[in-house]
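Please look over the sequence and the structure shown here before reading on.

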Amino acid sequence: MPGPNQTINLPSPDATTRFARRLAPRLLPGDTLLLIGPVGAGKTHFARSLIQALLDEPEDVPSPTFTLVQTYRGRTAEIWHADLYRLSESSEIVELGLTEAFESAICLIEWPEKLGNFAPPDALCLTFGSGRSEDARKLLLSWRNGDWLDRIGGVLNG
């Protein structure tokens with residue numbers, strides 16, 4: 001049974017960064033965010049902003065388009081940022097170590113449709129769509145399982 005959906009408007013890249021920074025401290029080890037949307041929708045910008053908010057020491061956060069996965073040492077857990085666009089089959093998920101990371105790391109997954117049956121059932125889905133202007137985004141947050149509404153309610157209203 002699908003969980004509730006929440007939509008927020010992000011009028012600029014700065015608004016996306018602010019949202020990511022507000023969401024970051026609410027994430028726990030074992031949380032997975034599935035970042036959905038077309039090329040250029042703002043998935044990587046959001047992921048970069050969120051990862052930087054979770055790091056003790058600032059560092060460059062490149063897109064994992066060619067490496068598939070980048071990992072970082074966060075304050076509370078390891079952070080895995082995966083871009084699965086170039087993945088040829090979902091069985092490669094295990095080879096990358098993602099199934100193990102889902103259990104203990106904070107995972108941000110771009111192109112999550114490539115996960116197939118490996119997608120965690122309690123993941124938070126963030127679907128990025130076009131907003132009212134070129135730089136604006138509409139963000140739909142949805143989930144099937146988990147306590148996401150309790151954990152992110154203040155972020156949605158803030």
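The sections below treat the basis of the model, its cores, its strands, its aromatic residues and its cysteines.

## Basis of the report

This is a predicted model, in which local features need pLDDT of at least 70 and side-chain atom pairs count only at pLDDT 80 or more, while totals for chains, interfaces and linings use all residues. Residues are numbered from 1 along each chain as its sequence is written, and side-chain values use heavy atoms, with hydrogens and water left out.

## Nonpolar cores

The largest nonpolar core has 33 residues. Such a core is a set of buried Ala, Val, Leu, Ile, Met, Phe, Trp, Tyr and Cys residues joined through side-chain atoms within 4.5 Å; buried means under 20% relative accessible area, exposed over 50%, and partly exposed in between, with a 1.4 Å probe and protein chains only. The residues with the most contacts inside this core are Phe-19, Leu-33, Phe-46, Leu-50, Leu-108, Leu-126 and Leu-141. Two or more residues come from each of strands E1 (5-10), E2 (32-36), E5 (106-110), E6 (124-130) and E7 (137-142), and from each of helices H1 (13-23), H2 (43-54) and H5 (148-157). Helices (H or I, at least four residues) and strands (E, at least two) are DSSP runs, numbered from the N terminus. H2 gives the most to this core, with five residues.

Apart from this core lies another, of 18 residues, including Leu-34, Trp-111, Leu-115 and Ala-123. In soluble globular proteins, nonpolar side chains tend to be buried together.

Contact here means heavy atoms within 4.5 Å. Not counting residues up to four places away in sequence, Leu-50 touches Ala-20, Leu-23, Ala-24, Leu-27, Leu-33 and Leu-108.

Leu-35 is placed in strand E2 and is buried, at a relative accessible area of 0%. Beyond its neighbours within four places in sequence, its contacts include Phe-46, Ala-47, Leu-108, Trp-111 and Phe-128. Leu-35 and Leu-108 are 73 residues apart in sequence, yet their C-alpha atoms are 6.9 Å apart in space.

## Strand pairing

Two strands pair if DSSP finds at least two bridges between them. Strand E7 runs antiparallel to E1, joined by six bridges, and antiparallel to E6, also by six bridges. In E7, Leu-140 is the bridge partner of Thr-7, and Leu-141 is that of Leu-126. E6 and E7 form a hairpin with six residues between them.

## Aromatic residues

The whole structure holds three aromatic pairs. Rings of Phe, Tyr and Trp (its six-membered ring) pair if their centres lie within 6.5 Å, and planes under 30 degrees apart count as stacked, over 60 as edge-to-face and the rest as tilted. Tyr-85 and Trp-111 form a tilted pair, 4.9 Å centre to centre with 55° between the planes. Tyr-85 lies in the loop between strand E4 (78-83) and helix H3 (92-96) and Trp-111 in the loop between E5 and E6, so the pair ties together parts 26 residues apart in sequence. Tyr-85 is partly exposed, at 48% relative accessibility, whereas Trp-111 is buried, at 14%.

Phe-19, Phe-46 and Phe-128 form one aromatic cluster.

## Cysteines

Zero disulfides are found in the whole structure, a disulfide being a pair of cysteine sulfur atoms within 2.5 Å. The sulfur of Cys-107 is 14 Å from the closest cysteine sulfur, in Cys-125, which is too far for a bond. Cys-107 is buried at 0% relative accessibility, and Cys-125 is buried at 19%.
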